[in-house]
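Here are a few exercises to work through with the model open beside you. Try each task before reading its solution.

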Amino acid sequence: MDPKIEALKPKERFTDRVDAYIRYRPHYPKEIIPYLGRTIGLKKENIIADIGSGTGFLSELFLENGNYIYCVDPNEAMRDAGDDYLRKRFTNFASVNGSAEDSTLKSGSVDVVTAAQAFHWFDHAKFRDECRRILRGPKWVVLVWNMRGETESPFLREYERIVKEFGQNYGEIRGKHSKLEEITKFFEGRTPEIGTFEAKQVFDFEGVRGRLLSSSYIPGEGSPRFNEMMAEVREQFDRYSVSGTIDMPHVTKVYSGRV
């Protein structure tokens, strides 16, 4: 076990992963916006609270749609990175130092709550209460995950093996990501609307390395077995890459329900 990772609280886990997260994590498909228009009646006039907004990748879609966004995140480094990323193109958002359990937003101030790659870190009961407080109207909550492929190619199977061997608490974290049982429980037994979108990233070795190190459960440079882990990744990349690149597919899952 890497004591540096073990000691981190959920709100601190990505502080030293910000650069890799911005450069190597996948963005979210633009098709999410028309999909939500059909399923929850999303309009450009709706005000959104993006909880755990991080680097702003999901907020970006709603900003492009013309929505006003409250970008809520308790991690200062991630919040600052998101602000820098979004301010290059948008002004219709506010950066908020808040959490899923205490957003600091006014009661009845938003039309939709979203959370991307973050729900599994929340206290679900307290988050539901906070959503009810800040939401008005139908009280829609939208939970989104980009899920990396695990078995679609020999390289992905080896990558998954490496992550399981070297990652800390990986199984526990991975299992929570989009577990329908937990999501349905959050919506008090009501099965959410589910949308699925497929995409892929194409990486050279530095991209694969960066994608690996963007994960909070992976030991960073200077940690025990870091060099051993990277040697394994290099070996598998060299074995399976074609013309110096590897395809890394992923599936985006969108869960929508009312609270």
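**Exercise 1.** In this predicted model, compare the end-to-end reach of helix H7 (residues 154-166) with the span expected at 1.5 Å a residue. Then find which side chains of H7 are buried and how they sit around the axis.

*Solution.* Start with the length: H7 has 13 residues, for which 18 Å is expected. From first C-alpha to last, the helix reaches 19 Å, close to that value. Next, look for residues under 20% relative accessible area: Phe155, Leu156, Tyr159, Glu160, Ile162, Val163 and Phe166 are buried in H7. These residues cover an arc of only 160° around the axis, so they lie on the same side of H7.

**Exercise 2.** Work out how strand E5 (residues 135-148) is placed among its neighbours.

*Solution.* Take strand E4 (residues 110-116) to begin with: 6 bridges join E4 to E5, and the two run parallel. Val110 stands opposite Leu135 of E5. Now turn to strand E7 (residues 246-258), which runs antiparallel to E5 and is joined to it by 9 bridges. Here Trp140 has Arg258 as its bridge partner. Finally, check burial: 10 of the 14 residues of E5 are buried, so the strand is largely enclosed by the rest of the structure.

**Exercise 3.** Which elements give two or more residues to the lining of the second largest cavity?

*Solution.* Count cavities of 30 Å³ or more: there are 4. Sorting the lining by element gives E5, strand E6 (193-203) and E7.

Methods: Residues are numbered from 1 along each chain as its sequence is written. This is a predicted model: local features need pLDDT of at least 70, side-chain atom pairs count only at pLDDT 80 or more; totals for chains, interfaces and linings use all residues. Side-chain values use heavy atoms; hydrogens and water are left out. Buried means under 20% relative accessible area, exposed over 50%, partly exposed in between (1.4 Å probe, protein chains only). Helices (H or I, at least four residues) and strands (E, at least two) are DSSP runs, numbered from the N terminus. Two strands pair if DSSP finds at least two bridges between them. The expected span of a helix is 1.5 Å times one less than its number of residues. The arc is that of the directions from the helix axis to the C-beta atoms. On a 1 Å grid over the protein atoms alone, a cavity is a set of points where a 1.4 Å probe fits but cannot get out, and a pocket is an open set with protein on both sides within 12 Å along at least five of seven lines; lining residues have an atom within 4 Å of a point. Grid points are joined across faces, edges and corners, and a volume is the space filled by probe spheres set on the points.
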